[in-house]
Amino acid sequence: MAASRIVIENCAIATVDAHDTEYPSGHVVVAGNRIESVGPGPAPAGLDGVARRVDGSGHLLTPGLVNTHHHFYQWITRGLATDSNLFDWLVALYPTWARIDEPMVRAAAQGSLAMMARGGVTTATDHHYVYPRGAGDLSGAVIGAATETGVRFTLARGSMDRGASDGGLPPDFAVETLDEALAATEETVDRYHDASPGAMTQVAVAPCSPFSISTELLKRGAELARRKGVRLHTHGSETREEEQFCKELFGMGPTDYFESTGWLGSDVWMAHCVHMNDSDIAAFGRTGTGVAHCPSSNARLAAGIARVPDMLAAGVPVGLGVDGTASNESGELHTELRNALLINRLGAHRESALTARQALRLGTYGGARVLGRQSEIGSIEAGKLADLVLWRMDTLAHSSIADPVAALVLGAPAPVTLSLVDGRAVVEDGHLTRVDEDTVARSARAQAQRLARLAADA
Ligand SMILES: [Zn+2]
């Protein structure tokens, strides 16, 4: 039996293919979990097995958004230390974060995922690195939440082995030993990583950041990832203080330190990369190391402006990230398209920094490339996986904006009429199809209150 088809037609389409092909009014045919065809005008007549026909009049169809950096657990610690820089914010929050457990992480992951999926994210990433002793199966809780929501997912299995007694920020009971971190990461890869085409769940090796981990964990983490054939992720060059820290401790800046530990390569992506000089950017370009650009979080924590136009000119793969919602309370990715454009125009390149189409590319194909999945997702092309978002453009917010791509990037957050992941509806008429938003909101609030009480009592 042929796969059943979904036809979406009469909508504007931004394919984000290599030529930025767009159709003012076009169609997409989905067969099973893949895109069968895309083109101008209505869908071909006489298609068999059409299970659903969507009239996309007044809408823009784009590839699903790809989020490349997040910390789901922070969903239940939003709105704290709101006027601090990164270091002071970390100092303020670690005593609370150290007390997370499995029910809290499950509720926080459900909240993070629901918020992103409702706003057009079809592929999500969670960099989870806080594994307090006795906290339960935190990786399983996060992966379970992603499966329930229906989005494609990468768990970046994080770790920290530099607790307070080694000069790190987190309390000792919230960090793992080097051997525990490596063993648990390997176990997570073995248990959950799906290397097959069209995978819904993947795992990356992701020690937290240079100032919370040992050099040995970085080196052996890289070896583990390459032995297993999975990707590598961490935070890099986020603040000036981190640059100072690396220079004092290792006698070199963060990028040189990463290179010395095996952490530059086409299988690596790093969050932030704000404080990079020309030779750092050239090293990323030469090695194909990817960047998760998190403009809202960088602004919230006063970290600075990442040099995205220079990175793109150097051939660096760049995607977008929400980052944890303790430093970006909105938790949405579609607003990061706008913030990436606006914040980069405040940098050296001014109005030529990023176009609306480049911003959309960062949030779709760029993210796919950063996750090593650009042959499968990130653009609307025949043969790719059917991860698609139909944005409503005919309401008060957008109906008078001349160009639908500009409307999506520069306008108010657009409502999602339909979001498909792997050919299945995850959002219909602005609401999640698989999970109840009110239930998720209630349990996130209850777990946030529980965590606040535990932290206050400690
Ligand atoms: Zn982060």
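D126 sits in strand β7, which spans residues 121–128; strands here are DSSP runs of E with at least two residues, helices are runs of H or I with at least four, and both are numbered from the N terminus. This is a predicted model, in which local features need pLDDT of at least 70 and side-chain atom pairs count only at pLDDT 80 or more, while totals for chains, interfaces and linings use all residues. Residues are numbered from 1 along each chain as its sequence is written. The protein averages a pLDDT of 96, and 100% of the residues score at least 70; pLDDT is the predictor's confidence in each residue, from 0 to 100.

**Around D126**

- D126 is buried because 29 other C-beta atoms lie within 10 Å (buried takes 20 or more such atoms, exposed 12 or fewer, partly exposed falls in between, and C-beta atoms are placed from the backbone).
- Leaving out residues up to four places away in sequence, D126 touches H70, H71, F72, A109, V142, L155 and A156; contact means that the C-beta atoms, placed from the backbone, lie within 7 Å.
- Between D126 and A397 there are 271 residues in sequence and 31 Å in space, C-alpha to C-alpha.

- The domain assignment gives domain 1 (5–63 + 387–432) and domain 2 (65–370), with bounds that come from an automatic or database assignment.
- Their C-alpha centres lie 30 Å apart.
- Across the boundary, 23 residues of domain 1 are in contact with 27 residues of domain 2.
- On the domain 1 side, the elements that give two or more residues are β5 (59–63), β14 (388–392), α13 (404–410), β15 (416–421) and β16 (424–428).
- Of these, α13 makes the largest contribution to that side, with 5 residues.
- By class, the side of domain 1 that touches domain 2 has 16 nonpolar, 3 polar and 4 charged residues (Ala, Val, Leu, Ile, Met, Phe, Trp, Tyr, Cys and Pro count as nonpolar, Asp, Glu, Lys and Arg as charged, and the others, Gly among them, as polar).

**The largest nonpolar core**

- This core has 140 residues, of which V28, A108 and V142 touch the most other members; a nonpolar core is a set of buried Ala, Val, Leu, Ile, Met, Phe, Trp, Tyr and Cys residues joined through C-beta atoms within 7 Å.
- Helix α2 (residues 102–118) supplies the largest share of the core, 10 residues.
- Both domain 1 and domain 2 give residues to this core, so it lies between them.
- Apart from neighbours within four places in sequence, A108 is in contact with F72, Y73, W75, I76, A444 and Q447.

- β15 and β16 run antiparallel and are joined by 4 bridges (strands pair if DSSP finds at least two bridges between them).
- S419 has V427 of β16 as its bridge partner.
- The hairpin of β15 and β16 has 2 residues between the strands, and D422 in the turn has a positive phi of about 60 degrees.
- β16 is also joined to the antiparallel strand β17 (residues 431–432), by 2 bridges.
- In the hairpin of β16 and β17, D429 has a positive phi near 50 degrees.

**Two alanines with positive phi**

- A81 has a phi near 45 degrees and lies in the loop between β6 (65–66) and α1 (86–97).
- A302, with a positive phi of about 55 degrees, is in the loop between α9 (295–300) and α10 (308–313).
- A81 is partly exposed, with 17 other C-beta atoms within 10 Å, whereas A302 counts as exposed, with 12 C-beta neighbours inside 10 Å.

Note on methods: Two residues are in contact if their C-beta atoms, placed from the backbone, lie within 7 Å.
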